[in-house]
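Take a moment to turn the model around on your screen before reading on.

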Amino acid sequence: MSRNVAAPGTVAAPDRRGRIRLLLSRLYVQCLLAVLAGVVVGSLWPSFGADLKPLGDGFVAVVKMMIAPIIFCTVVHGIASMSDRRTVGRVSLKALVYFEILTTIALVIGLVVVNVVRPGSGLHVDVSTLSSDSLPAEATQAHESFADFVLSTIPDTLVSALTGGEILPVLLVAVLFGFGLQASGEPGASIATSIEKLSTVLFRLIRWIMRLAPIGAFGSMAFTIGNYGLGTLRHLALLVGSFWLTALFFVLVVLGTVMRLGGLRLLPFLRYIKEELLIVLGTSSTEPVLPRMMAKLEHAGASKPVVGITLPAGYSFNLDGTAIYLTMGSVFLAQAVGVDLSLTQQLTMLAVMLLTSKGAAGVTGSGFVALAATLSAVPHVPVAALALIFGIDRFMSEARALTSLVGNGVATLAVARWEGQLDEARARAVLRGDLPFNPDDTAATDLVPKEPAGPSREPVPAIG
């Protein structure tokens, strides 16, 4: 007999076709193949690739439809199940302190790199030849002040927070509603139980929606290559390359150090979220993976309240990739048009960027709008200079989104450990691969609040 027959009592190893089918069934492999296919289609058939933009936009829109109710249910149930109300305020304060420190570090690193590499030197662009007509309307309109930004976090009504498409109003209403349930005794407890059951349904829907991620990644990548073309990178390759390398340096060195200080390692964490990274690479947006990131961080041992507060808030307050982009982009434009910025002027721009980098949601193009807001607030560089990098902005959008996604995941683990709400033994086991994440079990297991645990927690039992 030529075929291998398994001995009685043993499980036959899958054949070659079985291994291939198993590999292709994994979401990260499907997304990787979709991204590569998008590059090929956009390169060979540019007009057809550009017409595939609705595939990516539709996928992002479907996921955005689910984000507000998921954040609301997760935060409300997490707060309602807590015994100490002061914990929420403490977690929020620690998260904001962490966000400001890491954002400032990202801004400074970008400022140092762009002054050392000087990618805009030698271009000698005449400002009078530039026009802002081709720029998107969001980049040329008047930008809100910091006071307006704070007021915009307050929704018109309780329900409008869930329909407005912004994260911060949802977070504000969820925190208030959670405190209300906590203070209402038995009636609040029954509503909290219903909200937990609703969360189960929402996460089940997200699991189904994420099966469409490869289609969205394919459409977005085909549009990027087909519409802008790889040829647009040639004359600005130094800026794009230095930005990607700076973002990589920030992730590996700065965020890697933060993970080390927390007793964890960065590379296993990157492997743990590889599916989310590939989806973000394809769609240039961090919003589609927000629900899965919340589920994965809870699975890794971070408590529900910390995840529910820190991760959504980081989408507006901890955009590390955008911070690097703002300093490098603004100084590059100054170099290109021949404006010699003094150290004082650059530090002034950095102070403005601490404000303009906040509130830029993790969607495609938001970093470009934030850069326009920075140039509008600091009159050293004309806003029309944005036309120089508009064509290549999409190629830097992926790096911005990837850096911000990793930064927010690391921030959530760091704040959870800082607060004593991270099960460190479970986190190490999950990152080692001993406790793999199963999206099928998300709705059933990861929504159960985890007790805070410190280093003295009993070891996680081995899985048979």
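Start with helix 12 (residues 237–261) and helix 17, whose axes come within 10 Å and cross at roughly 145 degrees. This crossing is right-handed. On the helix 12 side, the contact is made by Leu239, Ser242, Phe243, Thr246, Ala247, Phe250 and Leu255. Helix 17 brings Asp320, Gly321, Ile324, Tyr325, Met328 and Phe332 to the contact. If you're wondering about the two numbers for the pair, packed helices are described by the angle between their axes and the distance between the axes. Keep in mind as you look that this is a predicted model.

Is Ser242 buried or exposed? Ser242 counts as buried, because its relative accessibility is 10% and the cut-off for buried is under 20%. Leaving out residues up to four places away in sequence, Ser242 touches Val117 and Met328.

Let's follow helix 17 itself. It runs over residues 320–336, and its 17 residues reach 24 Å from the first C-alpha to the last, close to the 24 Å expected at 1.5 Å a residue. How many of its residues are buried? The count is 17 of 17, so helix 17 is mostly covered. Just after helix 17 comes Gly338, with a positive phi of about 80 degrees.

For residues 323–343, the end C-alpha atoms lie 18 Å apart, and the span is 71% helix and 0% strand.

Helix 12 has another partner to show you. The buried residues of helix 21 (residues 424–432) pack against helix 12, helix 13 (266–272), helix 15 (290–299) and helix 20 (393–418). Those buried residues are Glu424, Ala427, Ala429, Val430 and Leu431. Just after helix 21, Gly433 takes a positive phi of about 95 degrees.

Gly216 sits in helix 11 (residues 213–228), and it counts as buried because its relative accessibility is 0%. What is Gly216 in contact with, leaving aside neighbours within four places in sequence? The list is Leu55, Gly56, Phe59 and Thr283. Leu55 is 161 residues away along the chain, yet the C-alpha atoms of Gly216 and Leu55 are separated by 5.2 Å. Ser47, in helix 3 (residues 46–50), has a relative accessible area of 57%, so it is exposed. Its C-alpha atom is separated by 9.9 Å from that of Ile225, which is 178 residues apart from Ser47 along the chain.

Finally, zoom out. The protein has 22 helices and zero strands, and buried residues make up 51% of its 464 residues. Among contacts between residues at least 6 apart in sequence, 86% join residues at least 24 apart. The largest nonpolar core has 126 residues, and those touching the most other members are Ile71, Tyr98, Phe269, Leu333, Ile389, Val406 and Val410. Ile71, not counting residues up to four places away in sequence, touches Ile167, Val170, Leu171, Leu290, Met294 and Pro312.

Notes:
Residues are numbered from 1 along each chain as its sequence is written. This is a predicted model: local features need pLDDT of at least 70, side-chain atom pairs count only at pLDDT 80 or more; totals for chains, interfaces and linings use all residues. Side-chain values use heavy atoms; hydrogens and water are left out. Helices (H or I, at least four residues) and strands (E, at least two) are DSSP runs, numbered from the N terminus. The expected span of a helix is 1.5 Å times one less than its number of residues. Buried means under 20% relative accessible area, exposed over 50%, partly exposed in between (1.4 Å probe, protein chains only). A nonpolar core is a set of buried Ala, Val, Leu, Ile, Met, Phe, Trp, Tyr and Cys residues joined through side-chain atoms within 4.5 Å. Contact means heavy atoms within 4.5 Å. Axes are lines fitted to C-alpha atoms, for helices over the stretch in contact, and angles run from 0 to 180 degrees between N-to-C directions. A crossing is left-handed if the near helix is turned anticlockwise from the far one by less than a right angle, and right-handed if clockwise.
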